[in-house]
Amino acid sequence: MAALALTAGLSITGTPAVARPDDRAAAAEASDVSIAADTYTWKNARIDGGGFVPGIVFNRSEKDLAYARTDIGGAYRWDQAGKRWTPLLDWVDWDRWGWSGVVSLASDTAEPDNVYAAVGTYTNSWDPTNGAVLRSSDRGASWKAATLPFKLGGNMPGRGMGERLAVDPNKNSVLYLGAPSGNGLWRSADSGVTWSEVTAFPNPGNYAQDPSDTSGYGNDNQGIVWVTFDERSGSADSATQDIYVGVADKENTVYRSTDGGSTWSRIAGQPTGYLAHKGVLDSSTGHLYLTLSDTGGPYDGAKGRIWRYDTESGAWTDVSPVAEADTYYGFGGISVDRQKPGTLMATAYSSWWPDTQIFRSTDSGATWTQAWDYSSYPNRSNRYTLDVSSVPWLSWGANPTPPETAPKLGWMTESLEIDPFDSDRMMYGTGATVYGTENLTSWDSGGTFTITPMVKGLEETAVNDLASPPSGAPLLSALGDIGGFRHTDLDAVPAMMFTSPNLDSTTSLDFAEASPGTVVRAGNADAAPHIGFSTDNGANWFQGSEPSGVTGGGTVAAAADGSGFVWSPEGAGVHHTTGYGTSWNASTGIPAGATVESDRKNPKKFYGFSAGTFYVSTDGGATFTAKATGLPAEGNVRFKALPGTEGDIWLAGGAPTGAYGLWRSTDSGASFTRLSGVEQADSVGFGKAASGAPYQTVFVSAKIGGVRGIFRSTDAGAGWTRINDDAHQWAWTGAAITGDPRVYGRVYVSTNGRGIQVGESSDTDGPGTDPGPGTDPGTDPGEPPADADCSVAYTVTNRWSGGFQAEVKLTNTGTAAYDGWKLGWTFPGDQRIGQIWNASHQQTGAKVTVTDAGWNGKVAPGSSAAFGFTGTTTGDGTAPGAFTLGGEACAVG
């Protein structure tokens, strides 16, 4: 049996942000943090930003107190002294990863120490947990949770609208929450401890981005989208009487209560045909401003308006800065200057080309100026200067043709806030960063104001792969949305992401172990190329050719000496090449979609894995032979070969419904032995050996001894030490992990929204072993019920020449919950799955088996799990006629 030492460290400035249990049942899911020895410190490898910031909230009673929310990467508090953001939700654990999506924030005006966050990432089956309202009485240093009876959607359509969560400024024990999915308006009268539905509220909304979508994503009712109080209608300790609520209903988008929420009515005369993204009230003038769009955003929106409501007279006025016919975008972000009544700003959130637009009025919307105009098309005259020298990659290395510029003012600009204490400071969120200015009023005097990134500390990238070469840059990364970076200094923002080619998302990268200057990466893009090569350790890149049929990056591996490469792209089978991909040849003996890696010693040896079978090539990837079987056939599986040693392979992965753990082979994959005591494992990597240790340090993201965490072994897996702690969990960390071959103890951990986490050991030499108490070997969970009732809805959502896209919804029609599922069918014709999401698959000929992704394996009676894929075919993509679940037939429809 393996030895286990659950030691964990903490080193952050101030008190750690942790979830603590409530004294009521509603918060029973939040767990206490237990912090042991101070062994590891954690920080981000700096990128600064990298994702969508849909909300910025300033406290109205305390200067410099501000918060930001992200769609998948948690919440942050502004640190004025350091001019940076402090993360607040790093304690969110593996099982509740959905709580890292923040749909709304509220800062208490009456008691500024209080802050609230409404959390949950998806409202459909993709998120395994219900949403919650988190509450903190110490500005996010610690939290308690009230779990809700429904889900919230921090990464759903409409997530830029808001704020859905609001604290009564006069009686701060009262809060309101606008719910999605037809769940209505909710209220708490005890500072967020308990919640109940406001049954008197008449309209739960009816707008969905795409009603024809069957996944529960695009067809979800976006619900109640903002709550605004008119603080003039209450007094200290007396509930505010006038409350305004925005609803996702194009004909009835604004409601009001004048009796503290007892009764509600639609405001007469309001604009129709649009959704009110935000409703902001200027209490000095009594004007309620609405930014409206024809869709819920944050990507789409082709028409929009801005309307003003006079709360005294009841008069509505269209105060839009441009004629309706001239808009090709919706309006989203809006803010009023609390120091200058009648001054307000708004954004054209969905103006992707040539740039977003920002509007400003100093007369309550009667007239407007805008951040840029055409001097003589296509030339622009800007009221601002944009300095991105602190985050230079924001230019994307682009050199666009006017009227586009690089860098841009942004896109998806749903949040814009003027500091309520400082008319010169304004911040706004984009799809990639937070921008801001500290000389905003220069706009009004005819001068230019300076915009810079105000994003330091806010790290929001989703990490797909990591590599740490033995020489050159210590870290290379493969990221979603912004490609990836070469980090020569972990504490400095890289100058540029990988270019030539620019990939939307890099899915895999590798370097030649004996020649680390040779690097390859593959990823997703709208069109070819999907692969790039570097001969200088990732500093410069050139595009590679690719086999026909490639639709996505897949996985790629470099020979140990850089003499060749093996690539398993989406849409095409496994291929190999010598040189730098000027031509590719199909590999034989290995199924399409297999994960590929290289041996780190023998340049002719490559490995592959698919559906429980391990494959080996000894001729540079030309031919593969099936070797070990009985490995995890479900879930995600990742494996790595040990640097410098031929044939030493570690494999992590699986699913709770089948084999799940950590395996090792010392004979090039001919056989594997499971490591006892490791109940679950999802990624594995290697780093410098401890002083006196004969084996390199092994790092895993795993569950060991009943505890989920990041673990280290210095004795080839005989003993394990947990090196993170409950304050540093970062939700889901299963995509990639690697140690540093040059620095003992240093580890790089992937997250899905909190960037690249870097762990440093306080023991610079390290022990020879990681001793600890014994633990019993883990056991494999059972299979899902074989007699589970089910129905399947299979929809082809798009077709094109040679291909199609399909969505599948599996519904539990029985009385027992699924604890994992495996759906099978046989395609008519020659259809083959290419890229699949929210599941994994195996295809042999026309027969397909699709397995849950782990997090969506539990399906309650009456609930559904959904996944989608792209496929290839020479026919018309006819839907299968029959489906099985665990070998039993499902109803179709």
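This dialogue explains how to read several features of a predicted model.

User: How is a sheet read, and what is the strand order in the open sheet of 4 strands?

Analyst: Strands of a sheet pair through backbone hydrogen bonds, either parallel or antiparallel. Strands are DSSP runs (E, at least two residues), numbered from the N terminus, and two of them pair if DSSP finds at least two bridges between them. Here the open sheet runs β20-β21-β22-β23 with antiparallel pairing. Its edge strands, β20 (275-282) and β23 (316-318), each pair on one side only. On average, neighbouring strands of this sheet are turned by 25 degrees against each other, direction ignored; axes are lines fitted to C-alpha atoms, and angles run from 0 to 180 degrees between N-to-C directions.

User: Over how many bridges do β20 and β21 pair?

Analyst: Strand β20 pairs with β21 (residues 287-293) in the antiparallel sense over 7 bridges. L281 stands opposite L288 in β21.

User: How many residues lie between the strands in the hairpin of β43 and β44?

Analyst: There are 4 residues between β43 and β44, and G571 in the turn has a positive phi of about 90 degrees. The antiparallel pairing of β43 (residues 564-570) with β44 (residues 575-578) extends over 4 bridges, and F565 stands opposite T577 in β44. Strand β44 also pairs in the antiparallel sense with β45 (residues 585-586), over 2 bridges. H575 has A586 in β45 as its bridge partner. The hairpin of β44 and β45 has 6 residues between the strands, and G579 takes a positive phi near 70 degrees.

User: How are aromatic pairs read, and how many does the structure hold?

Analyst: Rings of Phe, Tyr and Trp (its six-membered ring) pair if their centres lie within 6.5 Å; planes under 30 degrees apart count as stacked, over 60 as edge-to-face and the rest as tilted. The structure holds 49 aromatic pairs. One of them, W352 with W411, is stacked at 6.3 Å centre to centre, with 20 degrees between the planes. W352 lies in the loop between β25 (344-348) and β26 (357-361) and W411 in the loop between β30 (384-386) and β31 (415-418), so the pair ties together parts that are 59 residues apart in sequence.

User: Are W825 and F867 buried or exposed?

Analyst: Buried means under 20% relative accessible area, exposed over 50%, and partly exposed in between (1.4 Å probe, protein chains only). W825 is buried at 3%, and F867 is buried at 1%. W352, by contrast, is partly exposed at 36%. Both W825 and F867 belong to one aromatic cluster, together with Y794, F804, W821, F827, F869 and F883.

User: Which residues have the most contacts inside the largest nonpolar core?

Analyst: A nonpolar core is a set of buried Ala, Val, Leu, Ile, Met, Phe, Trp, Tyr and Cys residues joined through side-chain atoms within 4.5 Å. The largest one has 52 residues, and W393 and I756 have the most contacts inside it. Strand β32 (residues 426-429) gives the largest share of this core, 3 residues.

Terms used:
Residues numbered from 1 in each chain as written. Predicted model: local features only at pLDDT ≥ 70, side-chain atom pairs only at ≥ 80, totals over all residues. Heavy atoms only, no water.
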